[in-house]
Amino acid sequence: MSLKKDKQKVLGEVFDQQRIAGFLVGEAPAGVSRDYHLLERAYRGMKAENFATFVQLFLAQNLDINSTGPDGKTLLERITGHRQSAEYAEVLRAAGARD
């Protein structure tokens, strides 16, 4: 007997403007800045091109691109050492994020 996977891998997921804007909705866990939480969630869930659109929407709502996480680091400071973060870091720097 073979077991079926309960979920299929989704490839080529489409991120339209509405889907990207949906990442601006939500509350942060206790002890975490909401602005930081939204940025980190978008970073983890989007391709760099979609993240660039998200950051523009984020800034349009006057949210803080330099908000810090529980460790006291901004998202840019935190991702700088990640292997595939270069494009994301460029987007953040262009938006005024500090390292």
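Author: Helices are DSSP runs of H or I with at least four residues, strands are DSSP runs of E with at least two, and both are numbered from the N terminus. This is a predicted model, in which local features need pLDDT of at least 70, side-chain atom pairs count only at pLDDT 80 or more, and totals for chains, interfaces and linings use all residues. Residues are numbered from 1 along each chain as its sequence is written, and side-chain values use heavy atoms, with hydrogens and water left out.

Reader: Which pattern does the protein chain follow along the sequence?

Author: The protein chain holds 5 helices and 0 strands. Read along the sequence, its pattern is α-α-α-α-α.

Reader: What percentage of the residues of the protein chain count as buried?

Author: Buried means under 20% relative accessible area, exposed means over 50%, and partly exposed lies in between, with a 1.4 Å probe and protein chains only. Of the 99 residues of the protein chain, the share that counts as buried is 35%.

Reader: Among contacts between residues at least 6 apart in sequence, what percentage join residues at least 24 apart?

Author: A contact requires heavy atoms within 4.5 Å. Among the contacts of the protein chain between residues at least 6 apart, the share joining residues at least 24 apart is 55%.

Reader: How far apart are the end C-alpha atoms of helix 2?

Author: The expected span of a helix is 1.5 Å times one less than its number of residues. Helix 2 covers residues 34-45, so its 12 residues should span 16 Å, and the model agrees, with end C-alpha atoms separated by 16 Å.

Reader: Which residue caps the N-terminal end of helix 2?

Author: A polar contact is a pair of N or O atoms within 3.5 Å; within protein, one must be able to donate a hydrogen and the other to accept it, and residues adjacent in sequence count only if both atoms are side-chain atoms. At this end of helix 2, a side-chain oxygen lies 3.3 Å from the backbone nitrogen of Asp 35, and the capping residue that supplies it is Ser 33.

Reader: Which residues does Glu 40 touch, not counting residues up to four places away in sequence?

Author: Glu 40 is found in helix 2. It is buried, with a relative accessible area of 16%. The buried residues of helix 2 pack against helix 3 (48-60), helix 4 (75-79) and helix 5 (86-94). With those up to four places away left out, Glu 40 touches Leu 75 and Arg 78.

Reader: Which residues have the most contacts inside the largest nonpolar core?

Author: A nonpolar core is a set of buried Ala, Val, Leu, Ile, Met, Phe, Trp, Tyr and Cys residues joined through side-chain atoms within 4.5 Å. The largest has 26 residues, and those with the most contacts inside it are Phe 51, Phe 54 and Leu 92.

Reader: Why do the buried residues of helix 3 lie on the same side of it?

Author: In helix 3 the buried residues are Ala 48, Asn 50, Phe 51, Phe 54, Val 55 and Phe 58. They lie on the same side of helix 3 because the arc they cover around the axis is only 145 degrees, taken over the directions from the helix axis to the C-beta atoms. Exposed on the other side of helix 3 are Glu 49, Gln 56 and Ala 60. The reason asked for is thus the arc of only 145 degrees.

Reader: Which helices are included in what covers the buried residues of helix 5?

Author: Helix 5 has Tyr 88, Ala 89, Val 91 and Leu 92 buried. Their arc of only 160 degrees puts them on the same side of helix 5. The face turned away from this side carries the exposed Ala 86, Glu 87, Glu 90 and Ala 94. The cover over the buried residues includes helix 2, helix 3 and helix 4.

Reader: What is the phi of Asn 62?

Author: Asn 62 is found in the loop between helix 3 and helix 4, and it counts as exposed at 70% relative accessibility. Its phi is positive, in a residue other than glycine, with a value near 60 degrees.
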